[in-house]
Amino acid sequence: MRHLAIALLLLTAPLAARAADTPPPAIETRMDDATKQRTGIVRLTPDELAALNAWLASEPAAMPAPAAAPAPVADRIGFNTPDPEAEEPRVESRIVGTFGGLAPRAQFRLENGQVWRSVDSTAVFRGITAESPAVEITKGTFGGWRLRLADYRGMAKVERVR
């Protein structure tokens with residue numbers, strides 16, 4: 001079975017010569033020592049390793065896609081993150097549409113695309129109606145989030161949904 005795999009790799013080597021101008025990095029340079037041992041790549045001869053790298057270069061589907069860039073820090077505000085120092089402590093935006101107070105568990109969307117929800121057990125900002133009011137959401141002392149509505153007193157406890 002191993003000889004068949006090597007033969008297939010050697011047969012595809014000419015295809016690799018016609019591959020893109022910049023070949024992907026050799027597989028052994030992308031692995032740490034433990035992974036090389038676990039996969040058995042350390043037992044390949046130099047010719048077998050070269051054939052494997054040639055095959056990987058000729059098969060785009062065999063190469064993993066580059067990892068997606070992590071979301072910008074501003075997009076992670078409000079979610080639990082492993083490093084609390086990594087996120088900004090404040091969001092300043094506007095609520096989309098007409099705001100008429102926050103009922104318990106009510107969701108609202110900000111102009112920046114974030115979706116938040118009230119976690120207060122009672123209605124907050126009752127009797128207030130405003131069109132796209134400016135809001136500021138800040139991190140609370142014990143890790144929760146607080147919403148302040150511009151030009152109004154009071155705060156509401158909120159959590160990020162999306």
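Thr129 is found in the loop between β4 and β5 (130-131). Strands here are DSSP runs of E with at least two residues, and helices are runs of H or I with at least four; both are numbered from the N terminus. The model is predicted: local features need pLDDT of at least 70, side-chain atom pairs count only at pLDDT 80 or more, and totals for chains, interfaces and linings use all residues. Residues are numbered from 1 along each chain as its sequence is written, and side-chain values use heavy atoms, with hydrogens and water left out.

Thr129 has a relative accessibility of 61% and therefore counts as exposed. The classes are buried under 20% relative accessible area, exposed over 50% and partly exposed in between, computed with a 1.4 Å probe on protein chains only. Leaving aside residues up to four places away in sequence, Thr129 touches Thr98, Phe99, Gly100 and Tyr152. Contact means heavy atoms within 4.5 Å. Gly101 lies 28 residues from Thr129 along the chain, yet their C-alpha atoms are separated by 6.9 Å.

Phe99 also takes part in ring pairing. Two aromatic pairs were found in a search of the whole structure. Rings of Phe, Tyr and Trp (its six-membered ring) pair if their centres lie within 6.5 Å; planes under 30 degrees apart are stacked, over 60 edge-to-face, and the rest tilted. Phe99 and Phe125 form an edge-to-face pair, with 6.2 Å centre to centre and 65° between the planes. Phe99 belongs to strand β2 (residues 98-99) and Phe125 to the loop between β4 and β5, so this pair ties together parts that are 26 residues apart in sequence. Both Phe99 and Phe125 are buried.

Trp116 and Trp145 form an aromatic pair that is edge-to-face, at 5.8 Å centre to centre and 65° between the planes. Trp116 lies in strand β4 and Trp145 in strand β7 (residues 145-149), so parts 29 residues apart in sequence are tied together by the pair. Trp116 and Trp145 are both buried.

The sheet is considered next. Six strands form an open sheet with antiparallel pairing, in the order β1-β6-β7-β8-β4-β3. Two strands pair if DSSP finds at least two bridges between them. The edges are β1 (90-94) and β3 (107-109); each has a single partner strand, so one side of each is left without a neighbour in the sheet. From one strand to the next, the twist averages 35°. Three bridges join β3 to the antiparallel strand β4 (residues 115-118). Within this strand, Trp116 stands opposite Phe108.

Terms used: Axes are lines fitted to C-alpha atoms, for helices over the stretch in contact, and angles run from 0 to 180 degrees between N-to-C directions.
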